[in-house]
Amino acid sequence: MLEALELPFIQRAIIAGLLVGALASYLGVLVVQRRLSFLGHGLAHAAFAGVALGLLLYQEPLWVAIPFAVGVSLAITWVRERSSLGDDTAIGIFFAVSVALGVLFMSMREGFAPDAVAFLFGSILTVTQADLWVMAGIALGVALLSPLWRYWAYATFDRELALADRKPVLLHDYLLSALMALVVVASVKVVGIVLIAAFIVIPAATARLLTQTFASMTLLSVAIGVTSVIPGLVASYIFDVPTGSAIVLVQALLFGLALLLRR
Amino acid sequence: MTAPAVQLNNFGVRFGEFQVLEQVTLEVPQGAFVTILGPNGAGKSTLLKALLGIVGGTLRDAHTSVSGSVKVFGHKPQDVKSGWVGYVPQVKSFDRSFPALSIEVVVSGLRQSWPFLLTARERKKAEAMLDKVGALHLANRRLGRLSGGELQRVYLARSLIREPKLLLLDEPATGLDAVGESDLYRHLEAYQRESGATVMMITHDWEAAQHHATAVLLINRRVIGYGPPARVMRHESLAQAFGHVGHSHTPATREG
């Protein structure tokens, strides 16, 4: 087991898991508290369409998926702001369009695409050095933006009060949705498109059960997001099961415990 | 400073096809206590939002068009320092699932952002403010565990902690029992006495509207009446604002 730690691809897998675990669970608090859990699914499928387009064009899939998912995310936010359709409807429409496009792109590609399966269910062991740099870049960006947490939290608490205090709520909505899309795409290789939404939501939901303030919810969510990655990786290594599902099942277990333990 | 606290000139708001407010012209001098009365859908909350400068920012359904002018202390609402205006929103619009303690809500009024950690100074100030409105015991209670009336007190403390020059309250008496209600008016009047602030309050309580106000604004999309309570709270104006008034338990013609 321990000798595995010397293998470079295992090292990359661990770093990647910790980075996206922290990122997803950090933004997850805002997602959960704003009742946008469905957004994770929508963006994951936008990433799917982007990956399929990348495979079709024989480009590095993530480089195509990033602008594609960010574009879809901004479009979802635009429709949400401009209409009273409701978040779920706005997201649902883009969700469906993304899946339709993804399937279309896949069918246009000649021959079977085994690599697509890796993106659907994750394949953390194929994380490259370049992927790590992208993840580290996103993590650095999110860390540099952490002073905005207090405004994001304020608008999450009460949008109208934040607006009345002249906070740029709308701009922050777009910024957050773009960050969400980046984190979703960065998480694709670690947990897979199918499981990303759970990866974003479960740590925050678990933290919500156990904490009384938004600050402690944020801290606990990140702690859960980061620490659940390691047992997930170990279980995946020992039992030879997909890493994404192992990590999400560990998180689900923690959620179950939290449900039992909460005050 | 001599500019009136609030000055509306031929002000109108339209949400798509629906005219919410029209031809509203009024002036509220500094230090006034104005109660705003009107039926549901009369545009009362929209009026307060216009004073906050957020009238276009909250509605998604349709295009919002605003006509005429609004001035708060002689400035456009967007240009007024946000610390000058305190706002107590309708409690029913509030999401109680947000994990927060009462004291954090109060400090958010001071910081104008959400606190990660409270400083000792902020904690002291927020506790003093909660104490003032009789809610110190609620300081470390979770929002989800507060009753409607307790929440109103917390929100009142939140709006007062920034020592606003203009205090806007949207049905602050909702969910309060009789004691809580008289407490609320006592706190408002005390604050007004010590600070000279201007208070504008939406209420459905005609009794309160007369007894605590220097002026009553009777509104139903247009201004039906505005002036001293005794002059405005007359049967004809009320009937005009509310339609058929029917039998009222509070004599509408009573002099305030």
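Modeller: Happy to! Chain A has a radius of gyration of 18 Å, which agrees with the value near 18 Å for a compact globule of 263 residues; the radius is taken over C-alpha atoms, and the globule rule is 2.2 Å times the number of residues to the power 0.38. This is a predicted model, in which local features need pLDDT of at least 70 and side-chain atom pairs count only at pLDDT 80 or more, while totals for chains, interfaces and linings use all residues. Residues are numbered from 1 along each chain as its sequence is written, and chains are lettered from A and ligands numbered from 1 in the order in which they are written.

Along the principal axes, the C-alpha atoms of chain A fill a box of roughly 55 × 45 × 30 Å. The chain has 13 helices and zero strands (DSSP runs, H or I of at least four residues for helices and E of at least two for strands, numbered from the N terminus).

Now to your interface: 26 residues of chain A are in contact with 22 residues of chain B, contact being C-beta atoms, placed from the backbone, within 7 Å. On the chain A side, two or more residues come from each of helix H3 (61–82), helix H7 (149–157), helix H8 (159–164) and helix H11 (214–227). H7(A) gives the most, with seven residues. By class, this side of chain A has eleven nonpolar, seven polar and eight charged residues, where Ala, Val, Leu, Ile, Met, Phe, Trp, Tyr, Cys and Pro count as nonpolar, Asp, Glu, Lys and Arg as charged, and the others, Gly among them, as polar.

Note on methods: Contact = placed C-beta atoms within 7 Å.
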